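Please examine the sequence and the structure shown below. The briefing that follows is arranged by topic.

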Amino acid sequence: MKLSDKLSKVGDSLTVNMYDNGYMVEVSGRDDEGDWATAKILCTTLDEVTSVIKEAATEIPRDT
């Protein structure tokens, strides 16, 4: 799942949680209707985490 499926704009920070069997990347921002939303993306590999972070940092507009 892509972050852009859940958020149309992102905030200025994100959180990576580490678990025994993977990771969860949590990003706040705005959904397609302009409402505040938090996306939680489960990742099983570090490459998936990197992909979500890259999408948040470079592909989705920032909420200003």
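**Briefing on the predicted model**

Ala56 touches Leu3, Val10 and Leu14, with residues up to four places away in sequence not counted; contact here means heavy atoms within 4.5 Å. The model is a predicted one, in which local features need pLDDT of at least 70, side-chain atom pairs count only at pLDDT 80 or more, and totals for chains, interfaces and linings use all residues. Residues are numbered from 1 along each chain as its sequence is written, and side-chain values use heavy atoms, with hydrogens and water left out.

**Overall architecture**

- The protein contains 1 helix and 3 strands; helices (H or I, at least four residues) and strands (E, at least two) are DSSP runs, numbered from the N terminus.
- In sequence order, these elements give the pattern β-β-β-α.
- The protein is as compact as a globular protein of its length, because its radius of gyration of 11 Å is close to the 11 Å that the globule rule gives for 64 residues. The radius is taken over C-alpha atoms, and the rule is 2.2 Å times the number of residues to the power 0.38.
- The C-alpha trace spans about 35 × 20 × 20 Å along its principal axes.
- Of the contacts with a separation of 6 or more, 41% are between residues 24 or more positions apart.

**Surface and burial**

- The accessible surface of the protein is about 4500 Å², and carbon and sulfur atoms account for 47% of that area. Accessible areas come from the Shrake-Rupley method with a 1.4 Å probe; for residues, only the protein chains shown count as cover.
- Buried residues are 25% of the 64 residues. Buried means under 20% relative accessible area, exposed over 50%, and partly exposed in between (1.4 Å probe, protein chains only).

**The sheet**

- The 3 strands form an open sheet in the order S1-S2-S3, with antiparallel pairing; two strands pair if DSSP finds at least two bridges between them.
- Strand S1 (9-19) and strand S3 (36-43) are the edge strands, each pairing on one side only.
- Neighbouring strands of this sheet are turned by 20 degrees against each other on average, direction ignored. For such angles, axes are lines fitted to C-alpha atoms (for helices over the stretch in contact), and angles run from 0 to 180 degrees between N-to-C directions.
- Strands of a sheet pair through backbone hydrogen bonds, either parallel or antiparallel.

**Pairing of S1 with S2**

- S1 and S2 are antiparallel and share 8 bridges.
- A hairpin is formed by S1 and S2, with 2 residues between them.
- Val16 stands opposite Val25 in S2, and Leu14 stands opposite Val27 in S2.

**Pairing of S2 with S3**

- Strand S2 (residues 22-30) is joined to S3 by 8 bridges, and the two run antiparallel.
- S2 and S3 form a hairpin with 5 residues between them, and Gly34 in the turn has a positive phi of about 85 degrees.
- Glu26 stands opposite Lys40 in S3, while the bridge partner of Val27 in S3 is Ala39.

**Thr38 in strand S3**

- Thr38 lies in strand S3 and counts as partly exposed, at 45% relative accessibility.
- Leaving aside neighbours within four places in sequence, Thr38 is in contact with Glu26, Val27 and Ser28.
- The C-alpha atoms of Thr38 and Gly11 are separated by 9.7 Å, the two residues being 27 residues apart along the chain.

**Nonpolar core and Ala56**

- The largest nonpolar core has 12 residues, among them Leu3, Val10, Val27, Ala39 and Ala56. Such a core is a set of buried Ala, Val, Leu, Ile, Met, Phe, Trp, Tyr and Cys residues joined through side-chain atoms within 4.5 Å.
- At least two residues of this core come from each of S2, S3 and helix H1 (46-59).
- Ala56 is found in helix H1 and is buried, with a relative accessible area of 6%.
- Ala56 and Val10 are 46 residues apart along the chain, and their C-alpha atoms are separated by 6.6 Å.
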